[in-house]
Amino acid sequence: MDEIWRIAEKHGLWVIEDAAQAMGARYKGTKIGGDPRSIMSVYSFHPNKNMTTGEGGAIAFFNDEFESRIKRLRFHGIDRDAWKRFAKEGSPHTEVFEPGRKANFMDLQAAMGLHQIGKLDGFNARRGVLFHRYLDLMKDIDEVMLPWPGDADHGHCFHLFVLRIHPEKVGLDRDAFVAALKEENIGTGIHYRPAHVHPWYRDFYTAHPQHLPQDGLPHSEWSGERLLSLPLWPGLTEVDQDQVVGAIRQVIARAKSAARTMA
Ligand SMILES: Cc1ncc(COP(=O)(O)O)c(C=O)c1O
């Protein structure tokens with residue numbers, strides 16, 4: 001965030017924090033979403049996030065103007081919460097002030113979220129235990145690069161455990177590695193391919209190359225080709241984790257032995 005702020009201040013930019021994966025995380029001791037310099041911070045409660053409401057999310061504001069505008073936009077551009085129409089003090093009239101969206105959060109989702117939020121610190125603590133256990137279980141595997149777990153200053157919320165492989169050491173590229181793990185009944189994710197290689201952006205940048213640095217984004221591409229994320233959620237057991245790491249070792253050993261046979 002310091003680096004983002006350095007750039008923002010240099011160019012007079014606003015900062016909106018995408019905290020979709022950072023529920024409960026801290027930066028230099030402050031909870032994400034708690035920096036009043038940011039215009040807003042957005043969170044996702046999609047089912048694979050650290051807490052969920054099925055779908056939906058939340059926005060934390062430090063700017064009243066944005067808050068009232070977004071509150072209006074989330075419900076058809078109507079300037080007041082719909083439920084007040086039916087309250088004693090409410091007027092039955094609705095007035096649309098601008099074209100808005102149907103992007104309101106349901107009461108049912110909010111009820112689920114209130115329970116989830118109470119469990120969030122516990123969920124994140126359990127994720128942290130599993131994250132560190134993965135690091136420990138794989139510290140001797142030279143063929144993989146392990147993620148940084150953060151330090152006391154930066155409270156990681158352990159949303160994903162993203163591993164990068166050395167394809168040249170394993171003898172498999174990432175996609176073949178993911179497929180071999182699937183054969184062992186281990187499902188993994190790819191978080192993420194860099195945005196600029198997705199078809200729409202690739203076509204856009206091909207048509208407008210001036211918006212990309214001349215040599216592309218080689219670090220993003222390098223990581224994007226090597227990464228995969230391992231199963232990680234609070235309900236994962238130590239036995240599950242041992243199976244994941246056992247499968248990783250097996251896939252590497254098999255690929256290396258196949259390479260030796262070929263040689
Ligand atoms: C970093 C990031 N930003 C934004 C989103 C979008 O969240 P939602 O699906 O709740 O709109 C996600 C969800 O995967 C995300 O990981």
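**Notes on the domains and the ligand**

1. The centres of domain 1 and domain 2, taken over C-alpha atoms, are 32 Å apart. Domain 1 covers 1-44 + 57-104 and domain 2 covers 121-263 in the protein chain, with bounds that come from an automatic or database domain assignment.

2. This is a predicted model, in which local features need pLDDT of at least 70 and side-chain atom pairs count only at pLDDT 80 or more, while totals for chains, interfaces and linings use all residues. Residues are numbered from 1 along each chain as its sequence is written, and side-chain values use heavy atoms, with hydrogens and water left out.

3. Domain 1 gives 9 residues to the contact and domain 2 gives 9 residues, where contact means heavy atoms within 4.5 Å. By class, the side of domain 1 that touches domain 2 has 4 nonpolar, 3 polar and 2 charged residues. Here Ala, Val, Leu, Ile, Met, Phe, Trp, Tyr, Cys and Pro count as nonpolar, Asp, Glu, Lys and Arg as charged, and the others, Gly among them, as polar.

4. About 730 Å² is buried between the two domains, and carbon and sulfur atoms give 41% of this area. Buried area is the accessible area (1.4 Å probe) that two parts lose on being put together, summed over both. On the side of domain 1, Gln21, Arg26 and Lys28 lose the most area to domain 2, together 66% of what that side buries.

5. Between domain 1 and domain 2 there are 5 residue pairs in polar contact, both residues at pLDDT 80 or more. A polar contact is a pair of N or O atoms within 3.5 Å; within protein, one must be able to donate a hydrogen and the other to accept it, and residues adjacent in sequence count only if both atoms are side-chain atoms. The interface has 0 salt bridges (a side-chain nitrogen of Lys or Arg within 4 Å of a carboxyl oxygen of Asp or Glu).

6. Around the ligand are Asp18, Ala20, Gln21, Ser44, Lys49, Gly56 and Tyr192, each with a heavy atom within 4 Å of it. An N or O atom in the side chain of Asp18 is 2.7 Å from a ligand nitrogen atom.
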